[in-house]
Amino acid sequence: MKNIAASGKHLVDPKGDEDVSRDSSVLLEAASRLRAADPKIVGRALLLEAMVNHVPDFMYAKDRDGRFLYANQAIIQGNDLSSVDDIIGLTDFDLHGEAATDARISEIEQRVMETGEPDLGYDERAMRGGGDRWLMMSRVPLRDSSGAIVGIVGSSRDISARKASERLMRAQNRILEMIVGSVAIPELMNTLAELIEELAEGIRCAAVAFPPEDGIQIFKAPNAPDLLLPLFEALSASSSTPIREATARTAFENSGFLCFEIPSANGTSHGLIGISSTKNDLSRSLTEFLAGASRMAGIAIDRRRAEQQIRFLLVHDALTGLENRTSLEGKLPGILKAAELSSQQVAVSFLDLDNFKQINDTFGHAVGDELLKEASGRLSSLITGKDIVARIGGDEFVLVLHETDERFEDRLQRIKTTVAQPLTLQGLDLKVSCSIGVAYYPSHGLMASDLFRAADLAMYKAKENGRDAVQAFSQELSDSARRKFLRAEELRTAIQNDEFVLDFQPQINLTTGLVSGVEALVRWKHPVEGILPPSEFIPLAEETGIIIELGEAVLRKACQQAKKWSMNARHRVRVSVNMSPKQFQNAGVIDHVKAALKESGLDPSLLEIEITESSIMRDIGSAAGIMKELTDMGVDFAIDDFGTSYSCLNMLKKLPFSRLKIDRSFIMNTPDDEQDCAIVTAILNLARSLKLQVVAEGVETIEQAQFLHLAGCEHGQGYFYSRPVGDLTIEALLDKQY
Ligand SMILES: Nc1nc2c(ncn2[C@@H]2O[C@@H]3COP(=O)(O)O[C@H]4[C@@H](O)[C@H](n5cnc6c(=O)[nH]c(N)nc65)O[C@@H]4COP(=O)(O)O[C@H]3[C@H]2O)c(=O)[nH]1
């Protein structure tokens, strides 16, 4: 019999038969029954012991003083003991020292014994195996045959794995919450690092983020070692993301950290999470969790950045990063209020790049975008303090300037000059001027909307006056805008009242001297002002969009007249009709032409449409589509005013033109001006090699006609042959040819 009486405790010997503990009546009973040597009971006792020893849970019995009466094999092995004898008579304090006191084991056991209430299913940290080991404890009172509580029976189960996965789950939920809550990136990274450190004892975590601008942000959880810091700080702030990532990864790995990338939706990296453990190797479930957590962190950062971007775009222009109209309209009333209180002036100016549309159309949108960014940069560098520069549309900017020592007019002139400095974009040398209109608070308006209108009007005036200018608002401007508005209304009514008539100017075959075609030219038979030339109303019609309706009316009239002429073989002649850029770019253009041909019954080969280069340049692809559909029907196309705008010779090759009209400005000074003669000759050569016929416009003298004929030009049009005339005069002219 083994006695541990040396420790001064009451002991029981499981094999013993005489020296027994006072509190061990249960076992005494069992012993006495065993003594009776009932083989059945002995067999059952052995079976019971075998069962208890095979259970993986920890099972034990203790006496009222907390001394082990019995412990199964799981406990024996778990405490590095060799046999049950080694534990009998010991207390948890004997086994685990202060840890047992801290775990308040005897307190709980005493309560169970005193109250008789079992203590079931409580999670407790295990006293052995590190802080991550958890047990689920159950304790019930141990009673003797009389029902008296003589000790406690307990069992516990290792739930460390479940606890670990619960921790992972909690961490995962926290990350999900952060995704949903769109938390700020530093908070996300710090929380993430802390969550990771809490997952298991001995984990150290540091995280780095690569902000889109450049540089690096470092986040450390409490246990992350400082040794990583100097390495991260050595990272170059200006390096690109791949370099930052590679350097940070090396820093982590050199310090024995395992690295997880925080991927972004666009395939780059938001940052890295580095992790190491001072205790054991990282478990598989933990590394899997970290890989998942990094991906989730990536989603959280993507989401946060997208939200920031949306918030930014609400008040900023995406291309240039300048404030947008919403922001401007939000701020201006406050600025005006402050100006009122301080009796200051404010300048509200509209700035528009000259010929931007043409540059965009000619060189493409990429160049146009670069130009806008460059102009925005220049404008931003010129404003100070509370001034605002906003982009409110295509190439339209608004500047809100406060009073300074420099006069507003001088500042705006300086801004105009700076914007117009030459620049090189995608290998192209450009110089783009700008037009500025300005209105002053309070003299030109008290409300933001009035000032906007006034500045806009002034800007249009600057454009009208030849661009590259600063124009201040004035009452006269307002009056003329009003007149313009009324004129546009008049134009609309004129279309309803059919006040437009056509004149026709013959085009002459320079070899035969015969009429080869006529150009239809519109005139407004104004009820009060008499016949008005196109220069009086076409620009306004184009500006207001009225040209589309007007153009349709002209097309119909021209087709009807040509049809009428074609009924008489002598008068059969092709009619050229001008089509303005807005009309040509209008979605219904093909239908309009088809309708005019169908209504009149005109043979399409007797219709030629004249368009200018600017009509095409905006979208060569769509122009090609429109032209193809109409040329397939038999309609011809001529390129009008050739050489006067940004020409793209490539388009001549690509688009189905049959004729090219040399602008009057090149013919005007021939044959005296050698340069003009050279240009005309060059155009004729070009047309010849592209198999295009040529019409020279504005032929006024016999010398010009002779020069053109000798140079090989097939057709001429101009006052030398005939001014634009009515249909009857054309008929008379055609009759004369027979
Ligand atoms: N100095 C001079 N001028 C000559 C000579 N020969 C012809 N012209 C003028 O030059 C213009 C030729 O038409 P355009 O270049 O298409 O230029 C046209 C065309 O761009 C536009 N236009 C005329 N009718 C229409 C129309 O129905 N629709 C559209 N969209 N534009 C039209 O108005 C412009 C001016 O038309 P018009 O005043 O009729 O002026 C006509 C014509 O009268 C000449 O020898 N010397």
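**From a glycine to the ligand shell**

Helices here are DSSP runs of H or I with at least four residues, strands are E runs of at least two, and both are numbered from the N terminus. Residues are numbered from 1 along each chain as its sequence is written. Keep in mind that this is a predicted model: local features need pLDDT of at least 70, side-chain atom pairs count only at pLDDT 80 or more, and totals for chains, interfaces and linings use all residues.

Step back into H13 itself, residues 356-363, and you'll find Ile359, Asn360, Asp361 and Thr362 buried (20 or more other C-beta atoms within 10 Å of their own, with C-beta atoms placed from the backbone). What do they pack against? Their partners are H14 and helix H22 (613-617), where contact takes C-beta atoms within 7 Å.

Now follow H14 (residues 365-382). Its axis comes within 10 Å of that of helix H15 (residues 408-419), and the two cross at roughly 150°. That makes H14 roughly antiparallel to H15, a label for angles over 145 degrees. Axes are lines fitted to C-alpha atoms over the stretch in contact, with angles from 0 to 180 degrees between N-to-C directions. H14 brings Ala375, Arg378, Leu379 and Leu382 to the contact, while H15 brings Ile415, Thr418 and Val419.

Finally, the ligand: 23 residues surround it, the closest being Val522, Pro534, Asn578, Gly718 and Tyr719 (C-beta atom, placed from the backbone, within 6 Å). Strand E18 (515-526), helix H19 (547-566) and strand E22 (636-642) each give two or more residues to this shell.

Key
Angles under 35 degrees count as roughly parallel, over 145 as roughly antiparallel, 65 to 115 as roughly perpendicular and the rest as oblique. Two residues are in contact if their C-beta atoms, placed from the backbone, lie within 7 Å. A residue is buried if 20 or more other C-beta atoms lie within 10 Å of its own, exposed if 12 or fewer, and partly exposed in between; C-beta atoms are placed from the backbone.
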